[in-house]
Every structure is written in C-alpha cells, then in structure tokens.
Amino acid sequence: MIILNGGSSSGKSGIARCLQAVLPDPWLVVGTDTLVDAMPAAMQASDGGIDFAPDGVVSVGPEFRALEAAWIQGVAAMARAGARVVVDEVFLGGAASQQRWREALDGVDVLWVGVRCDGEVAAGREIARGDRIAGMAASQADLVHRGVAYDLEVDTTRAEALACARAIAAHVHR
C-alpha cells in the first residue's frame with residue numbers, strides 16, 4: 001500500500017494516476033475525495049459531518065469520523081485481501097490522522113509518502129482547477145504534515161507528477 005498525504009491541490013491525484021502507469025502491477029486508487037463523494041449530501045456542511053468554510057478551512061464532526069473509521073478499515077481489508085492500493089489522503093489532523101491509518105493497517109506493508117507543495121503554488125493550482133474553495137490549499141499546505149513520519153517525501157512545487165511517481169515507484173517493494 002502507498003499512502004500519499006498532502007494538502008489540497010498539492011498534486012496527489014496526478015501522482016496517483018502516474019503511479020498506476022509506471023508500476024508493473026495494477027493498483028487501485030482511493031482517496032478522501034472518494035469518501036466525501038460517497039457520503040450523503042446532508043453530511044456536507046453539517047456539524048456532525050464535514051464542513052468547508054468560506055476561507056477553505058475544513059472541519060469534521062463525529063458522524064464523519066465514524067464513517068471515515070469504517071472506510072479506513074475497508075481500505076485496509078482490500079490491502080489484506082491482496083489488492084495493491086494507493087491512498088490519496090489529506091491528514092487534517094496531522095499525526096493523529098496518520099495514527100488512525102497506522103492502527104488499521106497493522107501488519108500491512110505501507111509506504112508513507114509526503115506530497116509537499118509550496119502554499120502559493122498550490123493556491124494557484126486551486127484557482128486554475130476551479131472546483132475547490134479558495135484558501136483550502138494554502139491552509140493545508142503545512143498543516144497536513146505536522147508530526148507525520150514519512151518513508152519518502154516528494155515536492156511538486158517544481159517537479160512534475162511523473163517524476164514524483166517514478167521516485168515513489170523506486171521505493172515500492174514487490
């Protein structure tokens with residue numbers, strides 16, 4: 001399993017797609033966006049679910065955490081069943097977020113990858129994408145890495161997704 005952690009618009013999704021192209025075996029890609037998209041609309045913009053503030057700050061409540069815990073266990077089960085999985089994640093809680101994954105993935109071979117990107121560059125990508133709340137990329141650029149331990153870090157500020165994917169692929173144990 002490969003877990004890519006980085007802020008919004010840091011380049012995780014592009015790296016994940018490139019990993020699928022450069023790794024010799026088939027890999028599934030799932031991410032926090034997959035989870036949010038699967039949730040009922042009523043859980044978005046609610047105290048118990050997930051809320052995206054106008055300034056880009058993301059808050060999650062207990063109902064979100066409960067579904068997230070089940071989702072993490074499901075992703076872990078796929079890995080234990082033999083699926084190769086790339087997780088495109090945003091550790092809003094930094095080390096605490098990583099710990100939730102570590103506990104669920106006990107016994108699973110995981111490559112922890114930090115995907116860094118300068119906040120201003122990520123903010124520019126955010127504007128170009130047009131599908132994110134302005135301010136999310138800048139607010140998450142450093143926050144998601146606080147206290148998180150990685151096996152490898154890549155920086156997409158100047159490096160293309162393919163080059164980052166190749167660097168990550170070189171660390172994947174077959």
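The model is predicted, and local features are reported only where pLDDT is at least 70, side-chain atom pairs count only at pLDDT 80 or more, and totals for chains, interfaces and linings use all residues. Residues are numbered from 1 along each chain as its sequence is written, and side-chain values use heavy atoms, with hydrogens and water left out. Helices (H or I, at least four residues) and strands (E, at least two) are DSSP runs numbered from the N terminus. Burial follows relative accessible area, where buried means under 20%, exposed over 50% and partly exposed in between (1.4 Å probe, protein chains only).

Rings of Phe, Tyr and Trp (its six-membered ring) pair if their centres lie within 6.5 Å; planes under 30 degrees apart count as stacked, over 60 as edge-to-face and the rest as tilted. By this rule there are 2 aromatic pairs. One of them joins Trp71 and Trp101 in an edge-to-face arrangement, with 5.8 Å from centre to centre and 85 degrees between the planes. Because Trp71 belongs to helix H3 (residues 62–80) and Trp101 to helix H4 (residues 95–104), the pair ties together parts that are 30 residues apart in sequence. Both Trp71 and Trp101 are buried. Phe91 and Trp112 also form an aromatic pair, this one tilted, at 6.5 Å centre to centre and 55 degrees between the planes. Phe91 sits in the loop between strand E5 (85–89) and H4, while Trp112 is in strand E6 (residues 111–116), so this pair links parts 21 residues apart in sequence. Phe91 counts as buried because its relative accessibility is 1%, and Trp112 is likewise buried, at 6%.

The axes of H3 and H4 are 9 Å apart and meet at an angle of about 45 degrees, which makes H3 oblique to H4. Here axes are lines fitted to C-alpha atoms, for helices over the stretch in contact, and angles run from 0 to 180 degrees between N-to-C directions. Angles under 35 degrees count as roughly parallel, over 145 as roughly antiparallel, 65 to 115 as roughly perpendicular and the rest as oblique. The H3 and H4 crossing is right-handed. A crossing is left-handed if the near helix is turned anticlockwise from the far one by less than a right angle, and right-handed if clockwise. Turning to helix H1 (residues 12–22) and helix H7 (residues 161–169), their axes come within 8 Å and cross at roughly 60 degrees. H1 is therefore oblique to H7, and H1 passes H7 in a right-handed crossing.

Next come the cysteines. A disulfide is a pair of cysteine sulfur atoms within 2.5 Å, and a search of the whole structure finds 0 of them. For Cys18, the nearest cysteine sulfur is that of Cys164, 8.9 Å away. Cys117 is in no disulfide either, and the nearest cysteine sulfur to Cys117 is again that of Cys164, at 9.6 Å. Cys117 is buried, with a relative accessible area of 9%.

Asn5, in strand E1, is buried at 0% relative accessibility. Asn5 and Val113 are 108 residues apart in sequence, yet their C-alpha atoms are 6.2 Å apart in space. Ser9 is found in the loop between strand E1 (2–5) and H1 and has a positive phi of about 65 degrees although it is not a glycine. Ser9 is buried, at 5% relative accessibility. From Ser9 to Arg129 the C-alpha distance is 8.5 Å, across 120 residues of sequence. Arg129 is placed in helix H5 (residues 119–129) and is partly exposed, with a relative accessible area of 40%. Trp27, in the loop between H1 and strand E2 (28–31), counts as buried at 11% relative accessibility. The C-alpha atoms of Trp27 and Gly124, 97 residues apart along the chain, are separated by 29 Å.
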